[in-house]
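Hi,

Here is the structure I said I'd pass on. Have a look at it first, then read my notes on the aromatic rings below.

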Amino acid sequence: MSTTELLRREWTAFRRPGRLIALAAAALTVIALGLLFTSGTRASCDGPCPAAPVAGDGSIVSDRFWFLHRDLGREGSITVRMTLMTGTITYPPPNHDQIVSGLVPWAKAGIIVKDGVRQGSHYAALMMTGSHGVRFQYDYKHDVAGGAGGVSEQSPRWLRLTRSGDTITGSESADGEQWHTVGTAKLDGLLDNVQVGLFATSPGDLTLREIGLGGAIEEVRFTQAVGVFDNVAVEGGATGAWASDSIGQMNHTDWEKYHNASGAVEKDDVITVSGTGDIGPFSDEGARSVENTLLGLTVALIIVLIAAARYGARTARETASRRVIAARAAVVGAATFVTGLVAVGVVLPASMAILKGNGIPVQPVPVLTGARVIVGVAAVLALCAVLAYGLGVWLRRGWAAILIGLSLAALPYAVAAFPLLPDTLSEWVLRLTPAAGFAVKQTMVEYPQVTAHYAPSAGYFPLPGWAGLAVLCAYTVIVMRMAVGRKQAAHTDWR
């Protein structure tokens, strides 16, 4: 019998109502839970919710800071001496009266060239940070390190941004005489007239509160950064008076209203700028990504593993050759792959559209990335099904294959998806078990200049997608070889 005829025969044998119902249930679970979650997720604001800032590449970004600014033409520069950087951190209610002095690591204060005052517009900035020294950052995702250390009245920092057409160069100096270039950025399409000036911003202070068996959930405290500047000089095409504006909403919290509002103050040629927020990749927990639309994967995986393991145990009770076992494994994998392809292919675009319609910030998913997630998740479900099928053939008992399959794939994935275990343990679970394959669905990016909880429970996998898929493939190949070997040995003994 040819391979094609064998596959056709095994597919016909596989199409029993029970198995088809199981696959349909798996697909419907992914779709139903994804749509149920997204339909019930809505933005809640006092009044109209502000639109999330969108950068030139279409991605949602953070762009909130206090800006003391004026016009700058196509050729020019701004030079300042920074003499002090301080900050405050406050605890959330009910302890909002607990205020401590200090700077979070990525608090920022310095000088910036921005393509207008619209959130999400092009920019290049040279700044002091809370713990990372001088940095040159531009267009939200790019970060270049400058000199280390802090700033004080005894050890001030000179900062300079120079514009030449679309090119912005950031330089630093210890004395205002000897300058060192930190970085250069080419911002295509800058307006002839841009805004240049001083800024300050400070992201929330992220802390982790332990829960469960050692897992952690995020808590964020309000922070503010303050920069003190003198010797401010703007040259080359700058016109007009200084303007002082909040880029993005500011001075709305009780702390800002009753303690210290953000803003800019000039006295005796010394300018003090205070602000809160961030300029960079978006890290707000209110944003949703692909991972949030696939909540039904755990249940679907359990259904697939049980159905495949029982089918493998049935095969073990029959006199089947290696070709038949391989053909049945191929049928199980193909049927599950199509199931996953349909389920994820439906729920992903539909859920993302629903979230956007409900006013939830959603990072755009490029076509190739979306295709990678849809095909990748379908492939992972298919490989897990073949793994469970192989366990059924090898162990010859459906209950044992189901138990081991769930322990190897479904349980690690489910446990790591929730903040139950310590982050380190969850990461090792997703490195060493077949659940590593689900790294193919990750779309979030880890940025060094963004303080966030980069852990499995937050959607970050310890392995890249290709490596996680390789781990799952290795498990599947090993189990299938053991299954075929044992079946062949049993067949030989019977003869």
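First, a definition: rings of Phe, Tyr and Trp (its six-membered ring) pair if their centres lie within 6.5 Å, and planes under 30 degrees apart count as stacked, over 60 as edge-to-face and the rest as tilted. Keep in mind that this is a predicted model, where local features need pLDDT of at least 70 and side-chain atom pairs count only at pLDDT 80 or more, while totals for chains, interfaces and linings use all residues. Residues are numbered from 1 along each chain as its sequence is written, and side-chain values use heavy atoms, with hydrogens and water left out.

Searching the whole structure turns up 9 aromatic pairs. One of them is F14 with Y311: the ring centres are 5.3 Å apart and the planes at 75°, so this pair is edge-to-face. It links distant parts of the chain, since F14 is in helix α1 (residues 3-14) and Y311 in helix α4 (residues 297-316), 297 residues apart. (Helices, H or I, are DSSP runs of at least four residues, numbered from the N terminus.)

F14 is buried, at 6% relative accessible area, and Y311 is buried too, at 4%. Buried means under 20% relative accessible area (1.4 Å probe, protein chains only).

Y311 also pairs with Y389: centres 5.8 Å apart, planes at 40°, so that one is tilted. Y389 is in helix α6 (residues 367-395), so the pair ties together parts 78 residues apart in sequence. W11, F14, Y311 and Y389 form one aromatic cluster.

Cheers

Notes: Helix = DSSP H or I, 4+ residues; strand = E, 2+ residues; numbered from the N terminus. Buried < 20%, exposed > 50% of the residue type's maximum accessible area, 1.4 Å probe, protein only.
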